[in-house]
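Please read the following note with the structure open beside it.

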Amino acid sequence: MSDRLTRIRTLLGDEKIAKLQKSTVMVFGCGAVGSFAIESLARSGVGNIILLDFDVVEESNINRQLFAVESTLKHKKTDIARERIADINPDINVTVFDMFFDDNCALPIHPDFVIDAIDTVDSKIAIYRWCKQNKIPFISSMGAARKTDPTKIKIDKISRTFACPLAATIRKKVRAEHIGDFPVVFSTETPTPHKSPTKNFGSIITVTGTFGLFMANHAIKYLTRT
């Protein structure tokens, strides 16, 4: 039988693939950034994936979210993500939390790694607190909207971020709460002007998707470290 992990096994070796298959990664947010992180984890051999999101797929998501297509409109993002993972590899164990995360949430789980791919500031801070309290390593996505150049994306500590309005807000909050430093993916590109009459910022899949791929790669490297 064909091994769906043959190419990555050839690259990383049996020992690292075994580590990935035993690992549990939790992804907060199944949207523009999170969907690409989830896809990468599933195709790279991570054996246990936990998903958390409260939203449904909307037509406006189609330009940038991997799980958003005509047939998934109005479906829960967690349901679509779970089905997608099963189609990639039915042996992956998937746990779903269809909910909005904040300080009042109590999660009876302890993943090996957390990917924060949501955009609500208070919820992001709640994730950081939860991870720090439970000693769970994590990486967080900063602002991918209003950016157009994927070559300007990088990973660094939150204390070393710049050119990102969301990161500036997060920096102030984590300093005030003494949460400490942690890795983030962010863009060094100066944000484009906000041209929409609504509060929704413009975004493009080549940037949001790259954010997700960067975070998944960071998680894979962490879980397979020697």
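The points below concern a predicted model.

1. Helix packing. Helix α3, residues 34-43, packs with helix α7, residues 205-223, at an angle of about 40 degrees, and their axes are 7 Å apart. The angle therefore makes α3 oblique to α7. The crossing of these two helices is right-handed.

2. Residues in the contact. On the α3 side, Phe36, Ala37, Ser40 and Leu41 take part; in α7 they meet Ile205, Gly209, Gly212, Leu213, Ala216, Ala219 and Ile220. Sorted by class, this contact has 8 nonpolar residues, 3 polar residues and no charged ones.

3. The side chains of Glu39 and Arg43 form a salt bridge, with an N to O distance of 2.6 Å. Both residues belong to helix α3 and lie 4 residues apart, about one turn of the helix. Glu39 counts as buried because its relative accessibility is 10%, whereas Arg43, at 48%, is partly exposed.

4. Asp156 and Arg160. A salt bridge also joins the side chains of Asp156 and Arg160, at 3.1 Å from N to O. Asp156 has 16% relative accessibility and so counts as buried; Arg160, with 56%, counts as exposed.

5. A network. Salt bridges link Asp3, Arg9 and Asp14 in a network. Between Arg9 and Asp3, the closest N and O atoms are 3.1 Å apart. Arg9 counts as partly exposed at 25% relative accessibility, and Asp3 counts as partly exposed at 31%.

6. Total. The count of salt bridges in the model comes to 14.

Notes: Residues numbered from 1 in each chain as written. Predicted model: local features only at pLDDT ≥ 70, side-chain atom pairs only at ≥ 80, totals over all residues. Heavy atoms only, no water. Axes fitted to C-alpha atoms, helices over the stretch in contact; angles between N-to-C directions. Parallel < 35°, antiparallel > 145°, perpendicular 65-115°, else oblique. Left-handed = near helix turned anticlockwise from the far one by under 90°. Contact = heavy atoms within 4.5 Å. Nonpolar A, V, L, I, M, F, W, Y, C, P; charged D, E, K, R; others polar. Salt bridge = Lys/Arg side-chain N within 4 Å of Asp/Glu carboxyl O. Buried < 20%, exposed > 50% of the residue type's maximum accessible area, 1.4 Å probe, protein only.
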